[in-house]
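Subject: Handing over the structure

Dear colleague,

I am passing the structure on to you, with the sequence alongside. My notes on what was found follow directly below it.

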Amino acid sequence: GSSNIGFIGLGNMGGHMANNLMKQGHKLNVYDVSSPACDALKTKGANVCSSPQDVAKNADFVITMLPNNDIVSKTYETIVKDGVSSKTIFIDSSTIDPNVAKSIQKLVTSKGARFVDAPVSGGVPGAEAATLTFMVGGTSAEYEAVKSTLECMGKRITHCGDYGMGQAAKLCNNMLLGISMIGVCETMNLAIRLGLDAKMFMDIVNSSTGRCWSSEVYNPVPGLVPTAPANKDYAGGFSTELITKDLGLASGVATASNTPIPLGSMAHQIYRTLKSRGLGNKDFSVVYDFLKNEKNN
Ligand code: NAD
């Protein structure tokens with residue numbers, strides 16, 4: 001049936017996600033600090049609210065899709081100030097620290113409502129096409145309660161475990177992605193410098209043991225995969241800024257749990273360097289361009 005859904009954070013991801021919920025017949029109350037972001041959703045039929053508290057009023061579900069730990073925490077502190085309804089389930093789909101997700105869960109339940117973490121993978125194209133992967137942290141009952149709502153925005157909804165485990169899965173996946181992209185970049189660069197044909201070598205990798213998403217779908221060498229950001233001067237796609245943020249979160253939880261992540265840490269530093277050289281807005285596969293331009297004499 002149709003639910004009353006609140007949505008906070010209507011950016012690159014959230015705007016599409018909120019729109020997909022409306023396409024499935026849900027009623028949306030939305031909020032964002034940016035008025036252009038609100039206007040875009042209003043045009044599509046959403047009711048724009050003037051505060052996060054108003055979004056939460058009478059909601060069956062409230063979804064938050066915000067930039068970082070700090071903004072997500074502050075938003076929940078604001079929401080609970082006015083009290084929350086016991087029927088509301090809050091779903092945070094932002095990528096944040098699992099420990100921050102756990103504290104927000106405690107805060108929300110102390111006020112009588114429920115909270116799950118449900119970060120996503122699939123990027124802006126996945127948000128637009130409603131094909132996101134959701135990684136849910138919460139009880140089995142909460143997972144069952146949010147599943148059909150999340151299915152309006154994604155096609156694979158996985159219960160990862162208790163509170164924070166959705167974020168844990170998300171950070172681990174993105175750490176591997178950050179590492180594998182650098183691996184593909186330096187390997188392609190070496191192969192080309194050794195005189196191998198780029199397309200021929202990519203095809204060998206993609207039918208051999210080196211194959212991965214970064215080599216196959218998102219190959220960083222221009223001219224090989226038509227849909228990859230490498231062909232648009234690394235514009236769009238998954239920004240260096242965001243992978244740097246995710247690797248920073250992964251480093252934090254790895255340090256806190258005394259877990260060695262030698263390549264994850266190194267990958268974090270490499271993306272930080274690119275960011276400090278002004279490449280934060282470029283797709284993270286720009287590492288290839290960076291390495292290619294390193295002198296080889
Ligand atoms: P974005 O910056 O495009 O959108 C964030 C939105 O939040 C903006 O519209 C901004 O105005 C709004 N906002 C900021 N502070 C606010 C506040 N205090 N109250 C209300 N609204 C506020 O970011 P995005 O790309 O949509 O990503 C959102 C989250 O999803 C991040 O945690 C990101 O790491 C994660 N994520 C992004 C992608 C991606 O490919 N873009 C993929 C998976 C996960």
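Helices (H or I, at least four residues) and strands (E, at least two) are taken as DSSP runs and numbered from the N terminus. Residues are numbered from 1 along each chain as its sequence is written. Please keep in mind that this is a predicted model, in which local features need pLDDT of at least 70 and side-chain atom pairs count only at pLDDT 80 or more, while totals for chains, interfaces and linings use all residues.

Let me begin with the loop between α8 and α9 (198-206), where Leu 196 is found. A residue is called buried if 20 or more other C-beta atoms, placed from the backbone, lie within 10 Å of its own, exposed if 12 or fewer do, and partly exposed in between. Leu 196 counts as partly exposed because it has 14 C-beta neighbours inside 10 Å. Contact means that the C-beta atoms of two residues, placed from the backbone, lie within 7 Å; not counting residues up to four places away in sequence, Leu 196 touches Ala 191 and Phe 201.

Helix α8 itself holds Lys 170, which the UniProt annotation "active site", from an unreviewed entry, covers. UniProt positions are given in the numbering used here, feature names are shortened, and annotations may be inferred rather than shown by experiment. Lys 170 counts as buried because 28 C-beta neighbours lie inside 10 Å, and, leaving aside its neighbours within four places in sequence, it is in contact with Thr 95, Pro 119, Ser 121 and Met 135.

Helix α4 has 13 residues, which at 1.5 Å a residue should span 18 Å, and its end C-alpha atoms are 19 Å apart, which agrees; the expected span is 1.5 Å times one less than the number of residues. Val 72, Thr 75, Tyr 76, Ile 79 and Val 80 are buried in α4. The face turned away from the buried side of α4 carries the exposed residues Asp 70, Lys 74, Glu 77 and Lys 81. Packed against the buried residues of α4 are β1 (4-8), α3 (52-56), β4 (61-64), β5 and α5.

Helix α5 (residues 98-110) likewise has its buried residues, Pro 98, Val 100, Ala 101, Ile 104, Gln 105 and Val 108. Seen down the axis of α5, they fall within an arc of 150°, so they line one face of the helix, while Lys 106 and Ser 110 are exposed on the other side of α5. The cover over the buried residues of α5 includes α4 (69-81), β6 (114-117), α8 (165-193) and α11 (240-256). Just after α5, Gly 112 takes a positive phi of about 100°.

Key: Arc of directions from axis to C-beta.
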